[in-house]
Amino acid sequence: MRSRFQLALIFAVCVAALQLHAGAQGRGGGPAAGGTTAGAGRGYPTPEQYAASKDAQAHVAKAKAIAGSDAKLMARFENTCGPLGPQRPALEAQNAGRKPEPPRPVEPVPIFDNLWYFGFNTVGAWAVRTSDGVILIDALNTVQEAETIIEPSLRKVGLNPADVKYVIVGHGHFDHFGGAPYFQDKYKARIAMSGLDWDLIERPNPNANPAQANRPRPRRDLVITDDQKVTLGDTTITLRVTPGHTVGAMAFLIPVKHRGQPLTVLMLSGANITPDRASLEAFHRALDAAKAAGAQALLNGHPGLFGDELGWMDGLRKNPGGPNEFVYTRDQFARFIDIMKECAASRVVAMGL
Ligand SMILES: [Zn+2]
């Protein structure tokens, strides 16, 4: 049983994490202090720039045409296109001075036969079971959360925390790497991150409050480069470096089983943040690789960016054999990829880049 103090601390840390998370890419704030966002500009066009740019609107029209009459793709188009992209609700709330939604723990949920979501309504970690142990993706905010949330969640779904062989950190923000030292120290798990984001977390972050600044960081271990593979047993995860949200944020291609059938998942750790031409090109390369691999689902460490992921998870908890809203047909997902590409391009061209 956690003490009230610990709960209060977790709450405070997560709110700060979310504020920093949104603040790192908020428009109007200039480039993020601490180098959390690549590129020299604000990262997003203004609504005026966006509306006035014929090129941007041509990309928007193309994305809308790709969605066509498919209601699911039209919903994705609506939260992916626009000057702020899928981060719009968080950024608008922040710009209006509203406090982010308080985090609450959620029950672990199997999204696929061998992939689970653990953590909060606001940020999560993922476990992938392989034939030779477990790969964790991200590790929540703190060592304490690794101990009190991730470890019990692993046990609850029948996994042994001592079998965690890798923790792959999608990008170098503390709400993703915070719990990694716990697995590095206690279970000798290998910690993988892009080289640029290892550098990022080793620099003092002027955005961090004192609790965050003093937080243990994982010791530099596996350095991921673009298109690198991490293999454990029967599972090979392919990693692409997609700068934008951080300088070394990564996209993942994760092979899973869905009701016994193989399925490829695309995970975008840095969401759709492409503040400049180079990041747009890297994003497009990662998405093209996902399309070539026949990906059929999109995940992100923060539920609610691309759709009603919390609602979809609830659906799977209540009715594990019912519809899995995370899954698209191959053709549908290929079109979703093209929508994301057009929408990202619309923001870059609207900034005149
Ligand atoms: Zn982040």
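Of the 353 residues in the protein chain of this predicted model, 52% count as buried. The chain is made up of 13 helices and 12 strands. When contacts between residues at least 6 apart in sequence are considered, 71% of them join residues at least 24 apart.

**The open sheet**

An open sheet is formed by 5 strands in the order S8-S9-S10-S11-S12, with mixed pairing. At its edges stand strand S8 (228-232) and strand S12 (297-299); each has a single partner strand, so one side of each is left without a neighbour in the sheet. Direction ignored, neighbouring strands of this sheet are turned by 25° against each other on average.

Inside that order, strands S9 and S10 run antiparallel and are joined by 4 bridges. Thr-238 stands opposite Leu-253 in S10. Helix H11 packs on the sheet and touches S9, S10 and strand S11. The direction of H11 makes about 155° with that of S9.

The residue ranges of these elements are listed here.

| Element | Residues |
|---|---|
| Strand S9 | 235-241 |
| Strand S10 | 250-258 |
| Strand S11 | 261-268 |
| Helix H11 | 277-292 |

**Helix H6**

Helix H6 covers residues 143-156, and its 14 residues should span 20 Å at 1.5 Å a residue. The end C-alpha atoms of H6 are 19 Å apart, which agrees with that expectation. Ile-150 is itself among the buried residues of H6, as are Val-143, Glu-145, Ala-146, Ile-149, Glu-151, Ser-153 and Leu-154. After H6 comes Gly-158, which has a positive phi, near 90°.

**The H3-H13 pair**

Two packed helices are described by the angle between their axes and the distance between the axes. For helix H3 (residues 54-67) and helix H13 (residues 330-350), the axes come within 8 Å and cross at roughly 170°. Angles over 145 degrees count as roughly antiparallel, so H3 is roughly antiparallel to H13.

On the H3 side, the contact is made by Asp-55, Ala-56, His-59, Val-60, Lys-62, Ala-63, Ile-66 and Ala-67. H13 contributes Arg-335, Asp-338, Ile-339, Glu-342, Cys-343, Ala-345, Ser-346, Val-349 and Ala-350.

Definitions and conventions
Residues numbered from 1 in each chain as written. Predicted model: local features only at pLDDT ≥ 70, side-chain atom pairs only at ≥ 80, totals over all residues. Helix = DSSP H or I, 4+ residues; strand = E, 2+ residues; numbered from the N terminus. Buried ≥ 20, exposed ≤ 12 C-beta atoms within 10 Å, placed from the backbone. Contact = placed C-beta atoms within 7 Å. Expected span 1.5 Å × (residues − 1). Pairing = 2+ DSSP bridges. Axes fitted to C-alpha atoms, helices over the stretch in contact; angles between N-to-C directions. Parallel < 35°, antiparallel > 145°, perpendicular 65-115°, else oblique.
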